[in-house]
Amino acid sequence: MTKVYDRTTTGLLLVDPYNDFLSPEGKSFPRAKEVADSVNLLEHLKEIVNAVREAGIQVFFVPHHRSEPNDFENWLHPTPYQLGVKERQTFAKGSWGGEFHPDFQPQKNDVIIKEHWGSSGFANTDLDHQLKMHGVQKIIVVGLLANTCIEATARFGMELGYHVTLVKDATAAFSKEAMRVAHEINGPTFAHAILTTKELLDEL
């Protein structure tokens, strides 16, 4: 029987696994803590990354732009969200918050994608090219946040012709309502599969 997530055609997209999101001292952790704790986010991410590596599936780190003080100066159309990240210096370049969480350090054969400026890991990066060069046709998208970078990256991936899997307890949001909308209303309009971590691990 052909496996749904064959190692030769599947890639794991690990989106924004920064200290500022995943560590208790992180700048954005307090806003996501309630939802993250409710789905056991950190443990599920670790389980998925470990299982994917064991299965020989390629891991792609998909990082958000690391903030700098002069970001967006002279830009025509920075969004309020972008300006808020700049003001807070979330994921600041050269800072602890802008480093990957200790549990998610890149390994030798992992691919680190160019940083995205907005929400989509595909827009203005090399993600599509890297996936194609590695023969990836199916993407499993996990990380932060469910209703911003995860949704935008996964939706863009569908538009580019990839098979998209969301894992609803391997992500988080700043509110329960944002999580609900991401998986019950928006997700079904573009994702080919919306699974729990256990369901995904069973498939792997």
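**Salt bridges in close-up**

**View 1. D37 and K33 sit four residues apart in helix α2 (residues 29–38), so about one helical turn separates them.** Helices here are DSSP runs of H or I, at least four residues long, and strands are runs of E, at least two long, numbered from the N terminus. The two side chains form a salt bridge, with N to O at 2.4 Å. A salt bridge means a side-chain nitrogen of Lys or Arg within 4 Å of a carboxyl oxygen of Asp or Glu. D37 is partly exposed at 46% relative accessibility. K33 is partly exposed too, at 39%. Buried means under 20% relative accessible area, exposed over 50%, and partly exposed in between (1.4 Å probe, protein chains only).

The model is predicted: local features need pLDDT of at least 70, side-chain atom pairs count only at pLDDT 80 or more, and totals for chains, interfaces and linings use all residues. Residues are numbered from 1 along each chain as its sequence is written, and side-chain values use heavy atoms, without hydrogens and water.

**View 2. R53 and D110 meet in a salt bridge, N to O at 2.7 Å.** R53 belongs to helix α3 (residues 41–55), while D110 lies in the loop between α4 (80–88) and β3 (111–112), so the pair ties together parts 57 residues apart in sequence. R53 is partly exposed at 22%. D110 is buried at 14%.

**View 3. K132 pairs with D128 in a salt bridge, closest N and O atoms 2.6 Å apart.** Both lie in helix α5 (residues 127–133), four residues apart, so about one helical turn separates them. K132 is partly exposed at 46%. D128 is partly exposed at 21%.
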